[in-house]
Amino acid sequence: MSVQNKKFTGAKAVLGTAVFAALMTGTALAEPALIYDAAGKNDKSFNEMAYNGAEAYKEETGNSYRDFEIQTDAQREQALRRFAQQGSSPIVVPGFTWAEPLNVVAQEFPDTHFAIIDSVVDLPNVRSVLFKEQEGSYLVGALAAMKSESGTIGYVTAFDFPLLQAFGCGYVQGAKAVNPDIEVLQNFIGTDFAAFNDINTAGEVGRSQLERGADVIYAAAGAAGEGALQAAADAGKYGIGVDSNQNYLFPGNMLTSMVKRVDVAVQDAFNDEANGEWSSGVQSLGLAEGGVGAAVDEYNEELITDEMSAKLEELTAKINSGEIEVHDYRSDNSCPVS
Amino acid sequence: MGATDIILLLDSSVRFAVPLMLAALAGLYSERSGIVDIGLEGKMLGGAFAAAATAAVTGSVWLGLAAAMGVSVVMSMIHALASINFRGNQIISGVALNFLAAGFTVFLGHAWFRRGGTTPNLRPDERFANIELPFAQEFGQVPIIGEIYEQLLSGHSIIVYFAFLMVPVTAFVLFRTRFGLRLRAVGENPKALDTAGISVAMLRYRALVVTGLLCGVAGAFLSTAQGANFSENMTSGRGFIALAALIFAKWRPWQAMWTCLLFGVLSASQIRLQGVEFPMIGEVPVQFIQALPYILTVVLLAGFIGRANPPKAIGQPYVKER
């Protein structure tokens, strides 16, 4: 806080332009900020979606925003503090690795608004955005079951971890809703976070599922997931991407992608502050809020038949109305179907 | 589980074993010459990145392979300089190379491709294609023998065949050539070799060049044959498992091959056994199945091979008496 005080004393000293300067700082104060996670702005995934959300805000409102790419973990607190000191609000940070630094800095600036995506920081000035991954996974599971000719589909994930199990559990529920007899193979690539990068083992896991008859594979394993999608594409079968829209990876062999609309979360946070509608606390974005979904674009539209898109709409409506309730693995650490 | 399943399982095992085999053979040259090489992991990682990045930029997988070998040899030479000329601690030099590779690959990938440290996906013509052996399709109709030919022997990338070729080649070089004899001698008793008028440093340098070349091929296999791009730390411990296999094999080429194949079978069956109901026991927790390869490694290492006698002069910098 001392730095801030000094800055304001300095501003007062230059009396001639003080009023004008104050006005200028006034507009700068409202500028929202976005600080990317370690992978950086152009990671073709999570962070790039956050960037897209900020860009959409800029385009729609004409307001500007500030952003920053950290180079090392040590910069996390530093960057948060600097943006807060310069008066940015809200400051949005995508990624659960931000939870600890945010917990520290948010307490130092109780009047600044912060938003974190994919994790919960329980402070009065922080909005924690979570996604209902199970609902999006339910939809892609239904699509997979409709596309499958063999009656067997696969799910490849990094390791035994509640969030990843929630993806898988939603997927199985969706698949069984369409075809109760469908068999879903579920495999883990490894035992720890290293599994998110082990493309080669992921590829072998994918191949083993294909050899056991699976013809659609849903890969939720970060960078390693591409290994399993590649295996499906090599075999002329179908893959389902995750987080960002990965349909472009293997056109013709990507059935769809389960997208988490990080961009929507960022844009909402920026807009809410601009409109004076800011709310802190936990926000869960599901299908109804447009937070998750199955991506259809020019790369996969030929694979999705009219019947499939009709079913997709039907299921979406039922989930939104509450008629179908998709079980969240994280609520009780178990899955009703397998 | 029928015969076809077993053949497919072995097929997958081969693909798991190949990078381990190449790295273990690479380590064999280095360690037989008396230089501890804990940096196999880093050299593979550097090679994997160089191969994927070069293939993505130039569109040529062969240039990628050349780049992988080049990068890996350069890293090996850094290790040689530190441990032969400067007589540094070989473990520390190896660990430093591992860290260097882990950080540098992501840094460069980030700077060049802006995809969060990964390289772009390679098109099929930018990767090592699988080679179909003659009449694989037709012969594959014959039960078991034909299936073995079609699935297990045919349909691998050229690096797989190269890796299996390198086993007899290494055995021949090591036990039947003058270079091999000197290589074994320099790892056991460098002084004797020096007395005979042969340069210890030169011999060790040559061994480490071979180590670099083979690690580069192993890396290229991971990113341009088995996989189709590079991602952060994609070797995920394969270099260390290769080193364990080498020790398990008592620094001998054929045994190293069998050990790596054993690790391959364990890794491949681990995937198949996830969620399988066993008679009498029921479903075993997936973590136990995943730990199985490592548990077996410990058991085998502890109980069956007895003392692993490393080359006598390993890890000791050679100092000529003045």
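Biologist: What helices and strands are there in chain B?

Modeller: In this predicted model, chain B contains 13 helices and 4 strands.

Biologist: How many of its residues count as buried?

Modeller: Of the 322 residues in chain B, 49% count as buried. As for how the chain folds back on itself, if you take the contacts between residues at least 6 apart in sequence, 77% of them join residues at least 24 apart.

Biologist: Let's pick a helix. What can you tell me about α2 of chain B?

Modeller: Helix α2 of chain B covers residues 40–58, which is 19 residues, and reaches 26 Å from its first C-alpha to its last, close to the 27 Å expected at 1.5 Å a residue. Because 17 of the 19 residues of α2(B) are buried, this helix is largely enclosed by the rest of the structure.

Biologist: What follows α2(B)?

Modeller: The residue that follows α2(B) is G59(B), and its phi is positive, near 80 degrees.

Biologist: Now α7 of chain B, where is the kink in that one?

Modeller: The kink in α7(B) is about 25 degrees and lies at M166(B), shortly before the proline P168(B). Helix α7 of chain B runs over residues 158–176, and its 19 residues reach 26 Å from the first C-alpha to the last, close to the expected 27 Å.

Biologist: Which residues of α7(B) are buried, and what covers them?

Modeller: I159(B), V160(B), A163(B) and T170(B) are buried in α7(B), and what covers the buried residues of this helix includes α1, β2 (156–157), α10 and α12 of chain B.

Biologist: Changing topic, how many residues does each chain bring to the contact between A and B?

Modeller: Chain B brings 29 residues to the contact and chain A brings 28 residues. On the side of chain B that touches chain A, at least two residues each come from α1 (3–32), α10 (200–226), α12 (253–273) and α13 (286–303) of chain B, and α1(B) gives the most, with 4 residues.

Biologist: What kinds of residues are on that side of chain B?

Modeller: The side of chain B that touches chain A divides into 8 nonpolar, 16 polar and 5 charged residues.

Biologist: Over to chain A, then. What is it built from?

Modeller: Chain A has 12 helices and 12 strands. The radius of gyration of chain A is 22 Å, close to the 20 Å that the globule rule gives for 338 residues, so chain A is as compact as a globular protein of that length. Buried residues make up 50% of the 338 residues in chain A.

Biologist: Which domains is chain A divided into?

Modeller: Chain A is divided into domain 1, made of 31–131 + 263–285, and domain 2, made of 133–260 + 305–332. The centres of these two domains of chain A, taken over C-alpha atoms, are separated by 29 Å. Their contact takes 6 residues from domain 1 and 4 residues from domain 2, and helix α3 (residues 46–61) of chain A gives the most to the domain 1 side, with 3 residues.

Biologist: Where is the cis peptide bond at P90(A)?

Modeller: The cis bond runs from S89(A) to P90(A), with omega near -5 degrees, and P90(A) lies in the loop between α4 (75–85) and β3 (91–94) of chain A.

Biologist: What is the phi of D118(A)?

Modeller: D118(A) has a positive phi of about 80 degrees although it is not a glycine, and its place is in the loop between β4 (114–117) and β5 (126–131) of chain A. D118(A) is buried, with 22 other C-beta atoms within 10 Å.

Notes: Residues are numbered from 1 along each chain as its sequence is written. Chains are lettered from A and ligands numbered from 1 in the order in which they are written. This is a predicted model: local features need pLDDT of at least 70, side-chain atom pairs count only at pLDDT 80 or more; totals for chains, interfaces and linings use all residues. Two residues are in contact if their C-beta atoms, placed from the backbone, lie within 7 Å. Ala, Val, Leu, Ile, Met, Phe, Trp, Tyr, Cys and Pro count as nonpolar, Asp, Glu, Lys and Arg as charged, and the others, Gly among them, as polar. Domain bounds come from an automatic or database domain assignment. The expected span of a helix is 1.5 Å times one less than its number of residues. The bend at a residue is the angle between axes fitted to the seven residues ending there and the seven starting there. A residue is buried if 20 or more other C-beta atoms lie within 10 Å of its own, exposed if 12 or fewer, and partly exposed in between; C-beta atoms are placed from the backbone. The radius of gyration is taken over C-alpha atoms; the globule rule is 2.2 Å times the number of residues to the power 0.38.
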